[in-house]
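Please walk me through this structure, one part at a time.

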Amino acid sequence: METLVEYLTYVKGIGYLVVVAFLFAFITFWLLVHTKNKDIIKTVPVVVMIWLAFGVASALVSNGHNTNGHDAKDETALEPAVEFPEYYSNGSPATITAHRVEKWLGVNNTEYLAISYGSASNFHKVMSEKIACTDCHHNSKDEIHACSDCHSAPFDPEDLSKPGLKAAIHTRCMYCHKEVFGGPEDCKLCHTMDTSTSVAVAAPERPHALTWEDCVRCHKDGIPGGQKIKIVYHDFCIKCHTKGIADAAKLPEDHAGRAGDTCKGCHKPAGG
Amino acid sequence: MKMNRRDFVKAGGSLIALSLLGNTASAAHSFTGYPDRFGMMSDLTRCIGCRRCEAACNKANNLPEPKTSFEDTSVFEEKRRPYAADVQSYTVVNRYKVGEKTVYRKVQCMHCEEPACVSACLVGALKKTPEGPVVWNEKVCIGCRYCITACPFYIPAFEYSSAFDPRIQKCFMCHQRIVKGIVPACAEACPVEAITFGKRSSLLKLAWTRIWGEPDRYIDHVYGEREAGGTGWLYISGVPFSQLEFPMDIGTSAFPELTKDFLSMVNLTLVSWPAVFGGIYLMTKNREKPLHGEEKEEEDKL
């Protein structure tokens with residue numbers, strides 16, 4: 001937006017300049033026809049000069065627009081120049097924090113709290129009496145997976161049909177509890193504005209207070225395969241929990257016979 | 001109206017080559033849209049009318065706070081429009097009773113594949129971006145409001161409440177967020193992903209996958225697949241769209257198609273008429289001159 005010509009062509013488009021050029025040429029042509037002067041031929045070069053001047057000017061301006069980067073992507077318009085990230089967030093920590101500030105996600109339903117608040121097993125105990133595990137863990141085959149194992153990234157360009165965690169949980173509950181999702185009035189059955197008792201706001205209880213120091217108490221030679229601590233105690237819970245290593249509680253009686261790789265289906269040790 | 005080199009040659013060609021009528025007009029139909037353009041899909045069977053999308057939209061676009069809160073459900077008593085003098089929003093959710101079902105319909109700009117508003121705009125202030133949203137350029141707009149009359153969905157609105165700096169107001173699919181890699185605010189806020197964001201081609205597949213997956217739940221129609229030449233915002237529903245006040249009479253051809261052939265001739269007319277009439281004038285004048293000369297010579301002889 002430096003010169004008048006640039007301004008005109010930016011605001012009105014190059015077509016504007018062409019029309020102006022044409023009108024100038026037409027006025028000259030009109031004067032030429034109506035002149036009483038016999039040596040009409042002398043004005044022809046003037047007309048040609050004006051035509052050329054406007055032609056060159058508009059050509060230059062149009063080139064300038066193409067090379068200054070602003071319009072450069074019009075040349076390769078078939079590929080958007082903007083690079084999009086693979087992952088579009090609707091569950092980023094920033095967003096969740098923002099929602100908390102707005103107090104949008106306070107869950108405070110006493111019935112829900114009674115079965116869900118605290119350990120994972122309580123919710124599972126109540127629900128497993130009513131429905132099968134795979135009714136909720138719908139795509140788990142050999143091994144039960146936690147919701148967030150699959151439903152982490154919403155609007156995944158690779159698989160749009162897979163909702164994010166927020167929608168996955170809502171729609172899965174909605175599948176049976178239609179009465180709780182009848183309309184906007186029903187949101188308040190679970191969501192209240194009281195943050196003091198909100199599940200979403202409260203930090204999840206840590207079943208394990210294990211730290212790195214706790215691991216090396218047993219793994220004196222370091223962790224085999226260089227695995228992260230979290231994975232190690234995910235996969236080998238039973239090693240400690242059957243023998244009482246590091247004061248680990250022994251397995252409950254109803255857990256007898258379960259393989260060591262199924263623990264994490266229900267139990268989610270936080271941190272690590 | 002931004003022109004690249006090809007467009008300039010085209011325009012120049014129309015000026016010079018009067019005999020090649022029609023050649024330039026046919027080239028305009030070859031473009032079938034940017035391949036990776038984004039779109040949105042509303043699944044009306046999932047929407048529970050919580051109005052989180054309205055609240056998120058209001059916040060993301062820095063719109064003035066509404067008179068009643070977004071928790072207020074009394075707004076469903078009347079059918080609202082996205083932008084009116086007292087309701088300044090880019091999207092609204094309306095409630096419909098269809099038989100025993102309660103259906104919520106989200107209303108916003110449809111982001112047409114070939115938007116009527118873009119073709120109606122005299123100065124190119126509205127633009128279909130390669131990313132998918134139809135956006136509006138404040139610097140270019142002259143406020144003629146042709147886009148408002150052109151839109152088959154009655155979406156663009158004029159900010160009559162602002163005397164000195166009125167803007168065209170409509171949903172821009174959060175273009176400012178999309179280019180930064182963030183999903184549009186309404187899709188982000190939706191608790192049940194009734195609004196899905198993604199590439200339009202993928203969304204179309206998803207829409208038909210859902211319909212074919214649960215044929216009893218959905219009707220066999222993706223609104224926006226072909227309506228008005230295809231729209232960037234798709235809808236799937238469990239009840240006929242005609243009962244949700246969707247415009248059903250808009251046809252399947254893009255609105256600019258209806259005027260493109262005619263409008264491309266305007267420049268040629270502008271060029272050819274002065275030349276033709278000027279030529280005729282020149283011819284008749286040259287024929288008169290010698291006549292006058294002969295008469296004078298005859299008078300002299302007499």
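In this predicted model, three strands of chain B make up an open sheet. Their order is E8-E1-E9, and the pairing is mixed. The edges belong to strand E8 (195–199) and strand E9 (233–236) of chain B. Each has a single partner strand, so one side of each is left without a neighbour in the sheet. From one strand to the next, the twist averages 25 degrees.

Now take one pair. Strand E1 (residues 38–43) of chain B runs parallel to E9(B), and four bridges join them. Opposite Asp43(B) stands Ile236(B) in E9(B). A helix packs on this sheet: H8 (residues 200–213) of chain B. Helix H8 touches E1, E8 and E9 of chain B. Its direction makes about 130 degrees with that of E8(B).

Next comes the core. The largest nonpolar core has 70 residues. Among those with the most contacts inside it are Cys53(B), Cys117(B), Leu126(B) and Leu234(B). In soluble globular proteins, nonpolar side chains tend to be buried together. Leu234(B) touches residues that include Gly39(B), Met41(B), Leu203(B), Leu204(B) and Ala207(B). Val222(B), Tyr223(B), Gly224(B) and Glu225(B) are also touched by Leu234(B).

Finally, look at a loop. Lys67(B) lies between helix H3 (52–60) and strand E2 (92–98) of chain B. Is Lys67(B) buried or exposed? Lys67(B) is exposed, because it has 9 other C-beta atoms within 10 Å, and 12 or fewer counts as exposed. Gln88(B) is 21 residues away from Lys67(B) in sequence. In space, the two are 10.0 Å apart, C-alpha to C-alpha.

Definitions and conventions. Residues numbered from 1 in each chain as written. Chains lettered and ligands numbered in written order. Predicted model: local features only at pLDDT ≥ 70, side-chain atom pairs only at ≥ 80, totals over all residues. Core = buried A, V, L, I, M, F, W, Y, C linked by C-beta atoms within 7 Å. Buried ≥ 20, exposed ≤ 12 C-beta atoms within 10 Å, placed from the backbone. Contact = placed C-beta atoms within 7 Å. Helix = DSSP H or I, 4+ residues; strand = E, 2+ residues; numbered from the N terminus. Pairing = 2+ DSSP bridges. Axes fitted to C-alpha atoms, helices over the stretch in contact; angles between N-to-C directions. Lists of a residue's contacts leave out its neighbours within four places in sequence.
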